[in-house]
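Hi everyone, thanks for making time.

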Amino acid sequence: MPRLIDLAADTATRPSKGMRQAIAAAPVGDEQRGEDPTTLALEARVAGLLGQEKALFLPSGTMANQIAFLVHCRAGDEIVCAENAHVFGSEGAGAAALSGAQFRPIETATGLFSVEDVARRLRAPRHRSPRSRVIAIEQTTNRGGGRIWPEADILALKALAQEKGLALHMDGARLLNAAVATGLAAARFAAPCDSVWIDLSKGLGCPVGAVLAGPEAFIEEALVWKHRLGGAMRQSGILAAAGLYALDHNVARLAEDHANARRLAALLGAVPGLALQPGGAVTNILFLDLSGTGVPARALAEALLGEAVRVNVEGESRIRMVTHLDISAGDVEAAGRAIVAALARLRADPQGHAVP
Ligand SMILES: *Cc1c(COP(=O)(O)O)cnc(C)c1O
């Protein structure tokens with residue numbers, strides 16, 4: 001069996017040799033006492049990168065989102081977000097279970113929405129209404145197809161948030177993809193936000209970790225929740241060293257992932273009945289709509305696995321593919337060919353039974 005070409009998610013990245021060397025060489029101390037020098041260095045580096053006062057190293061992006069809501073919200077508060085947002089659909093109803101906040105989701109295929117979309121959903125302050133408290137955006141939009149929030153839209157949301165006394169929270173799991181794709185500094189997108197984090201364990205190629213940033217008072221409260229939730233660590237410099245290595249070596253190269261996603265889109269664009277996400281690949285995520293082919297997404301995914309290509313099934317007729325550090329241009333071409341061939345076979349027999 002050839003090596004698996006894993007396009008299911010950019011979490012498939014493995015720590016490289018250079019990253020493992022950085023991990024091995026990391027100076028460490030007790031993080032819970034604020035004495036791990038490598039963790040402190042990573043936090044300072046990310047705060048600067050995002051134009052925020054302070055930052056906090058965490059085990060995961062999910063914890064970063066949940067801690068942000070715990071700091072910003074009281075039980076019964078409301079968070080406005082996209083209907084396909086990770087915070088709404090992919091975190092085990094964490095907001096309901098932990099901060100007691102509820103969501104006011106906006107239907108949007110791209111994950112993007114306008115200031116008017118938000119303004120229409122904010123509640124008038126009344127004793128019987130939920131209290132609008134947070135606007136949450138994803139940079140880039142994961143289930144929206146890796147789309148980028150323009151800086152102007154973020155500034156407009158910030159102005160609305162300020163006017164209404166809300167917090168603007170950015171789930172920046174792939175913020176650096178947006179920075180590289182646009183050529184704008186990450187801080188241009190992140191500095192206007194009241195809280196923002198980046199994931200180290202996606203396209204940046206680290207084994208573990210996320211870094212949450214914000215004003216000093218926010219991070220002070222976030223630290224209390226980090227400890228309460230069991231996110232405090234000890235010699236976490238072992239993990240933070242991977243983050244520092246990734247910021248030095250794995251950011252500019254995200255452009256290759258974007259080029260590979262476009263390459264994949266070009267290979268698949270001409271297949272009859274197969275619809276790429278509108279506008280094609282913008283960063284490293286590409287959704288395919290198979291409904292025009294009559295082939296169920298699950299059947300295609302199973303056929304591809306048989307050829308050592310993994311994609312993510314996102315619905316009866318929807319597939320997601322994500323390019324990353326461990327996917328080369330050659331891998332993308334091989335995957336594209338496998339998809340075209342599998343679709344041709346399955347169209348003849350959509351259930352995937354072997355044709356005698
Ligand atoms: C992956 C992801 C998360 C969660 O991050 P983890 O580090 O896996 O917990 C949150 N939001 C978005 C948009 C993501 O893609």
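Domain bounds here come from an automatic or database domain assignment. Quick housekeeping: this is a predicted model, where local features need pLDDT of at least 70, side-chain atom pairs count only at pLDDT 80 or more, and totals for chains, interfaces and linings use all residues. Residues are numbered from 1 along each chain as its sequence is written, and side-chain values use heavy atoms, leaving out hydrogens and water.

So, how is the protein divided up? The assignment gives domain 1 (15-249) and domain 2 (253-346). Their centres, taken over C-alpha atoms, are 28 Å apart. Across the boundary, 17 residues of domain 1 are in contact (heavy atoms within 4.5 Å) with 16 residues of domain 2.

Now, a sheet. Helices (H or I, at least four residues) and strands (E, at least two) are DSSP runs, numbered from the N terminus. Two strands pair if DSSP finds at least two bridges between them. Here four strands make an open, antiparallel sheet, ordered β9-β10-β13-β12. β9 (275-276) and β12 (312-315) are the edges; each has a single partner strand, so one side of each lacks a neighbour in the sheet. Two bridges tie β9 to β10 (residues 285-289), and L276 has L288 in β10 as its bridge partner.

Which strands does helix α12 lie across? Helix α12 (residues 254-268) lies across β9, β10 and β13 (318-322). That's my tour, so over to you.

Terms used:
Axes are lines fitted to C-alpha atoms, for helices over the stretch in contact, and angles run from 0 to 180 degrees between N-to-C directions.
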